[in-house]
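Colleague: I have a few labels to check with you. Can we go through what stands behind each one?

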Amino acid sequence: MLKINNLTKTYGDKKAVDNLSLNILPGEIYGFIGHNGAGKTTTIKSVAGILQFDSGEIFINGTSLKENPIECKKQIAYIPDNPDLYEFMSGIKYLNFIADIFGISAKERNEKIEKLAELFEIKKDLNNPISAYSHGMKQKLAIISALIHNPKLIIMDEPFVGLDPKASHILKGLMRDICNSGGAIFFSTHVLEVAEKLCDKIAIIKNGKLIKTGTMEEVKGDESLENVFLELEAE
Amino acid sequence: MLKVLLKKQMFEMFRSFFYNQKSGKMRSVASSAMFIIFYAILLVCIIGGMFFGLAFSMCGSLCAAGMDWLYFSIFGLIAVAFGVFGSVFNTFQGLYMAKDNDLLLSMPIPVSVIMFSRLLGVYIMGFMFSGIILIPVAAVYLIVTPFTVLKLLSNILFILSVSIIILVISCALGYVVAKISNKLKNKSIITVFIALIAFGLYYYIYFKANEVIGYLVANAASIGAKIKGSAYILYAFGNSAAGNILNLAEVITVSVLAFLLTYYLIKRSFLKIATSTPKTAKVEFKGNVSLKKSGVKKALFEKEWKRFLSSPNYILNCALGTVFILAAAVMLIVKGNEFLTVLSSIFNYKNGNDYAAGLIIGILCLLASLNGITAPSISLEGKNIYILQSLPINLFLSLKAKVKVHILVTGIPILLCSVISLIMLKPTVFLGISLIVLPQLFVLFTALFGLTVNLKRPNLNWTNEIVPIKQNLGVVIVMFSNMIIGALFIAGLFLLGSFININLYVVLFTAVMLIVNILIFNWLKVKGTKIFASL
């Protein structure tokens, strides 16, 4: 579903991501963990087609992101760490805008928005301007907008920040459902307990380099993910 | 405690001198010094010099007639108006809407200390605005009339008192603005409407100023007698600066009492207003979702259109030209014949009417150059830019949507003016077509050029949208360049009019515009889109 080959991205003299390679298969929830400034967001933004990288390749379902970015973006959804949305729009207008961009039929968008807005309990607020939303509500709206077009791959940067426990629970369920129906999820998090419970595979990044990756069992063995992470960080 | 808050307040007020908002880094000492010198020259030499000249023209005659008080009353009132106009919105923002209100209120700092530091900031702002008028006015007075220490002291105390009066009025109006702002639903439309009225008044007063001042000087004795008899406060206000100790004591006492009363009243409501959440047009979503599908182009245009309409700052700073264009259209309908007769007579050629058509094309281009909607449009994406970058669209469509907004807001009013001119002037078929086509080509150029400059000089790291709109060199470059091109067309008409046939001149200019537009359009399509994707 997602194949990252030797991705490198530099900012000035600093290598934010250094020769990183990953392969995410359909049905997998792939967690991405690392310290602040390790290169998680840079990798995620590169995969989402927002950042242009220096070298390497990214393939979405076999399509090169470099050569055919629009086709790739049609198959993915990106949820940023900070849901900066168009504050001059109302929630419903924003969702309609995203649906228009993805060419979703009126029937499908209405059903999808109805269902997801009710699920995340923000339906009654959809007419209000986004500027009046709390951080959590914006995050919920960003999640709904990402799911409107049935993406095959969802890329999320710290998706649980700002969500209330119920919304977090719902999102975890949705993530599993998407993977069960053949999709894949690649997300970063600092909450190692969540990663441990939710992820099928995990990748640990340190100073731009991938230092460990594999199934949860392969990475942590009998220890807790937290212990493994802290040990790797200390090396 | 107060010292720390004042230091913070001062740094906040003069932050732009020491901090580069675009790069997010502190300026070097040399850069800060250059900035301060530039602003000092701008304020002291240009605005201060203007008031120095104005004061000089009035001081001699008024003081010779024993109307020193009227001299100070006039300039004192101008200073109050200037100071209040300049600081009322800062008062509203700084006193009630300061972003650090919550942070400071959560700290062990007495509310009165927070308020006092904020008020001092407003006072300094008012002092800067009034001082730029009253310091030259006082200097002229001390030069023109015999110098005494009493006059000097009176002038200093008068200037300080005027700043207190400005503080009091600004606080009162700031309170009203804060109250209204918390209750308003369609803030942007109402703000634009109020601002347009204020602009209208400003220009009306500006154009009437010479007439009014001339009238005041000519009728100083009778006006002075009327004010003395019926408006003692105004008389005492001016007389206090002229060295009358009793009036000076009265003005200082009233100012200080007014300040204390303001302080007391604000203290009572400060917490409530500073911690209230502004109301927004909240409408509960009821029933089922029933949205309609639109195409990508329409969706992108609607997004840009909503962005434009949502911001009074954007409308007022980048689309004010539309008001002038529409005013020109009305003027053409009402006084078009007289205007066109004058234009035709300017050109001493046998086909003066044709040249008048050319001149109208130039005027329309100049009017169009007043709008620069695309110039900050990339920067205004700000932190939201990732949305467009992550969507499966050709980003050139998004650039085109920005151009379309500019064309809609500028091109249509210009087209209206062109059509009215066409009907009134009845030029040849060729010039008639040119009257429609060339201004539209120029409008397209201003849109494309604005976008190009903004792609080259974007500022996406802003916290206040006024930064990319107003404090943006790119916007200034775009607007001035557009004006220069419009002016060049007119200048060429006058300079080359007797050598080149008007039709040829218009054809040449149209061809240049067309070629430049095609070149920029293609640049935007290929290079501009890549730049947009990589921001």
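Modeller: Start with pairing: two strands pair if DSSP finds at least two bridges between them. Keep in mind that this is a predicted model.

Colleague: What makes β1 and β4 of chain A paired strands?

Modeller: 5 bridges join β1 (residues 2–11) to β4 (residues 55–60) in chain A. The cut-off is at least two, so the two strands count as paired. They run antiparallel, and L2(A) stands opposite I60(A) in β4(A).

Colleague: Why are β2 and β5 of chain A said to stand at the edges?

Modeller: The sheet is open, with the order β2-β1-β4-β5 in chain A. β2 (14–24) and β5 (63–64) of chain A each have a single partner strand, so one side of each lacks a neighbour in the sheet.

Colleague: What does helix α1 of chain A touch in the sheet?

Modeller: α1 (residues 40–47) of chain A touches β1, β2 and β4 of chain A. Its direction makes about 120° with that of β1(A).

Colleague: How do you know that α1(A) is mostly covered?

Modeller: Buried means under 20% relative accessible area. In α1(A), 6 of the 8 residues are buried. Among them are I44(A) and V47(A).

Colleague: Why is L152(B) called partly exposed?

Modeller: Its relative accessibility is 32%. Buried is under 20% and exposed is over 50%, so L152(B) counts as partly exposed. L152(B) is found in helix α7 (residues 149–183) of chain B.

Colleague: Which nonpolar surface patch includes L152(B)?

Modeller: One of about 590 Å², with F147(B) and I156(B) also among its residues. Patch residues need over 30%, and L152(B) has 32%.

Conventions. Residues are numbered from 1 along each chain as its sequence is written. Chains are lettered from A and ligands numbered from 1 in the order in which they are written. This is a predicted model: local features need pLDDT of at least 70, side-chain atom pairs count only at pLDDT 80 or more; totals for chains, interfaces and linings use all residues. Side-chain values use heavy atoms; hydrogens and water are left out. Helices (H or I, at least four residues) and strands (E, at least two) are DSSP runs, numbered from the N terminus. Contact means heavy atoms within 4.5 Å. Axes are lines fitted to C-alpha atoms, for helices over the stretch in contact, and angles run from 0 to 180 degrees between N-to-C directions. Patches are made of residues with over 30% relative accessible area and no salt bridge: like charges are joined within 9 Å, nonpolar side chains (Val, Leu, Ile, Met, Phe, Trp, Tyr) within 5 Å. Accessible areas come from the Shrake-Rupley method with a 1.4 Å probe; for residues, only the protein chains shown count as cover. A salt bridge is a side-chain nitrogen of Lys or Arg within 4 Å of a carboxyl oxygen of Asp or Glu. Buried means under 20% relative accessible area, exposed over 50%, partly exposed in between (1.4 Å probe, protein chains only).
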